[in-house]
2 protein chains.
Amino acid sequence: MTLSQFEIQDINQTVLLWLDEVRKRTLIAMQQHLDISIKHDARDLVTNVDRDNEQFLNAKIRSYDSEASIVSEEGFGDHQKNMQGNVWFVDPIDGTMNFVKEQADFAVMIALYIDNEPVLGWILDVVNNVVYHGGPQVGVFANQLRLEQPNNDALSDGIVLLSGARLLYGMFGYDKIAKAALGYRVIGAAGPSFLRVISGRAVGYSSKMMPWDFAAGQVLAKTLGLSISDIDGRPLDMLSSNIVLVATNRAHRDILMLHQS
Amino acid sequence: MTLSQFEIQDINQTVLLWLDEVRKRTLIAMQQHLDISIKHDARDLVTNVDRDNEQFLNAKIRSYDSEASIVSEEGFGDHQKNMQGNVWFVDPIDGTMNFVKEQADFAVMIALYIDNEPVLGWILDVVNNVVYHGGPQVGVFANQLRLEQPNNDALSDGIVLLSGARLLYGMFGYDKIAKAALGYRVIGAAGPSFLRVISGRAVGYSSKMMPWDFAAGQVLAKTLGLSISDIDGRPLDMLSSNIVLVATNRAHRDILMLHQS
């Protein structure tokens with residue numbers, strides 16, 4: 001099913017208004033006491049802002065799209081079993097540890113897939129007040145600025161972004177990837193890492209992620225002609241965790257070869 | 001020798017005006033073709049902006065302070081052999097790889113030491129238009145906002161910043177430090193890392209650095225009651241490279257113990 005340009009623009013503008021409201025709510029909440037809880041361990045945090053943002057966004061989605069299924073991080077979504085129909089992905093605060101400790105390098109992310117096809121994605125950089133948004137039918141924008149496809153740089157010519165924990169514990173061949181790159185950085189959150197790849201500031205990014213961590217980034221990356229797959233080169237499973245690799249076409253090939261060697 | 005409040009304020013305001021000019025020159029240069037050269041290897045870059053900023057700042061310093069000695073990165077300073085008198089430190093672009101590749105997370109840094117005592121330090125975050133500045137006689141400010149001493153958090157309660165290359169190659173016990181922290185990040189530049197510790201967004205930072213990399217950060221960190229030393233707990237040598245450790249008092253103790261264990 002393909003939406004008309006008019007329908008796409010209506011969805012896009014509607015979500016941008018929600019995100020504007022989410023941004024204001026988040027900034028206000030950051031000035032107040034945060035209620036921080038631990039999920040699985042001390043490094044996996046959730047706050048009242050994560051929950052409030054998710055409830056707010058999920059309610060907006062359900063009221064706007066009566067056929068919506070929602071896959072979201074904090075438990076207010078659906079138990080989605082397939083990718084048929086209108087499937088929305090919501091990450092109400094991506095990078096909660098950065099949100100709590102750094103007050104920077106976190107994001108709010110939304111994506112819409114219809115019958116498993118990427119339609120639109122939104123990554124809100126709250127602190128810098130920039131929404132990266134778009135999809136295959138409209139292109140990718142940073143607020144009003146249209147983004148071009150990033151230079152097709154090789155791994156050895158650019159900065160690669162990696163999951164710090166997995167690198168530290170010798171997983172997924174990340175040490176080989178880091179050594180082959182011009183440099184590597186650890187940002188600690190998916191959305192801010194995707195943004196750097198999408199805007200050509202990094203040649204690649206890899207981490208183990210849940211669907212809400214990569215759904216929006218995948219829409220934007222594919223639209224810009226970047227390569228995205230799991231670390232073995234297979235398409236991402238939209239309903240479970242994946243070791244995601246997003247990169248320029250050359251760096252993607254470089255990393256797959258390193259990973260298989 | 002102690003300067004009067006009037007003298008301190010005059011120096012501070014004068015340097016802030018230079019930095020305002022450096023910021024404008026840097027932003028203009030970023031819109032134009034960068035002339036990028038390799039220094040020691042492909043990961044050690046220098047650009048025309050590094051050189052232009054250093055020549056500009058060194059000329060300003062020599063014209064303002066006829067007794068100045070200058071320790072600076074790109075070769076326009078003096079061959080300083082001791083810390084007597086007015087010693088200025090200049091890093092014209094700290095984080096040149098980030099400057100070239102990310103257009104973010106780089107800084108311009110200046111510091112003034114008199115007879116080996118820290119007097120004033122400045123770290124300009126070009127992209128975000130914030131100068132972190134101050135010293136023992138005046139306090140520390142982010143632009144006009146006075147900074148308080150950060151919470152004295154332990155390593156296990158905060159984010160630690162580490163040199164990516166040294167972590168990757170198993171140096172300095174950085175893997176133990178990363179594992180003991182709540183999380184770790186790799187930023188790839190000294191100034192932006194110091195800023196995160198100074199503003200309480202990270203509990204500590206360690207990397208091997210040259211004097212221009214840590215001179216300004218040390219002034220601000222000491223003024224805010226943070227701990228700074230080499231990784232063995234000794235005072236920093238202002239005229240050669242050091243494995244620098246800056247942290248909250250608790251995280252500093254935690255890291256020294258891990259390093260010695």
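B:Lys39 is partly exposed, with a relative accessible area of 28%. The model is predicted. In it, B:Lys39 forms a salt bridge with B:Glu73, and chain B also makes salt bridges across its interface with chain A.

**The B:Glu73 and B:Lys39 pair**

- The closest N and O atoms of B:Glu73 and B:Lys39 are 3.4 Å apart.
- B:Glu73 sits in the loop between β3 (69-72) and β4 (86-94) of chain B, and B:Lys39 in the loop between β1 (36-38) and β2 (45-47), so the bridge ties together parts that are 34 residues apart in sequence.
- B:Glu73, at a relative accessible area of 23%, is partly exposed; B:Lys39 is also in the partly exposed class because its 28% falls between the limits of 20% and 50%.

**Extent of the interface**

- Chain B and chain A bury about 2,600 Å² between them, and 53% of this area is on carbon and sulfur atoms.
- Of the area that chain B buries against chain A, 24% comes from B:Leu168, B:Leu182 and B:Arg185, more than from any other three residues.
- The contact involves 32 residues of chain A and 32 residues of chain B.

**Polar contacts and composition**

- Between chain B and chain A, 19 residue pairs are in polar contact, counting pairs with both residues at pLDDT 80 or more.
- On the side of chain B that touches chain A, at least two residues come from each of α3 (96-101), α4 (164-168), α5 (174-180) and β11 (183-185).
- That side of chain B holds 15 nonpolar, seven polar and ten charged residues.

**Salt bridges between the chains**

- Over all chains there are 20 salt bridges.
- B:Arg196 belongs to helix α6 (residues 190-198) of chain B, while A:Glu102 belongs to the loop between α3 (96-101) and β5 (107-114) of chain A, so this pair joins two chains.
- In the bridge between B:Arg196 and A:Glu102, the closest N and O atoms are 3.6 Å apart.
- Both partners are buried: B:Arg196 has a relative accessible area of 7%, and A:Glu102 has one of 2%.
- The interface of chain B and chain A has four salt bridges.

- B:Asp230 and B:Arg234 form a salt bridge whose closest N and O atoms are 2.9 Å apart.
- B:Asp230 is buried, with a relative accessible area of 8%, whereas B:Arg234 is partly exposed, with a relative accessible area of 48%.
- Elsewhere, salt bridges with shared partners join A:Glu102, B:Asp105, B:Arg185 and B:Arg196 into one network.

Terms used
Residues are numbered from 1 along each chain as its sequence is written. Chains are lettered from A and ligands numbered from 1 in the order in which they are written. This is a predicted model: local features need pLDDT of at least 70, side-chain atom pairs count only at pLDDT 80 or more; totals for chains, interfaces and linings use all residues. Side-chain values use heavy atoms; hydrogens and water are left out. Contact means heavy atoms within 4.5 Å. Buried area is the accessible area (1.4 Å probe) that two parts lose on being put together, summed over both. A salt bridge is a side-chain nitrogen of Lys or Arg within 4 Å of a carboxyl oxygen of Asp or Glu. A polar contact is a pair of N or O atoms within 3.5 Å; within protein, one must be able to donate a hydrogen and the other to accept it, and residues adjacent in sequence count only if both atoms are side-chain atoms. Helices (H or I, at least four residues) and strands (E, at least two) are DSSP runs, numbered from the N terminus. Ala, Val, Leu, Ile, Met, Phe, Trp, Tyr, Cys and Pro count as nonpolar, Asp, Glu, Lys and Arg as charged, and the others, Gly among them, as polar. Buried means under 20% relative accessible area, exposed over 50%, partly exposed in between (1.4 Å probe, protein chains only).
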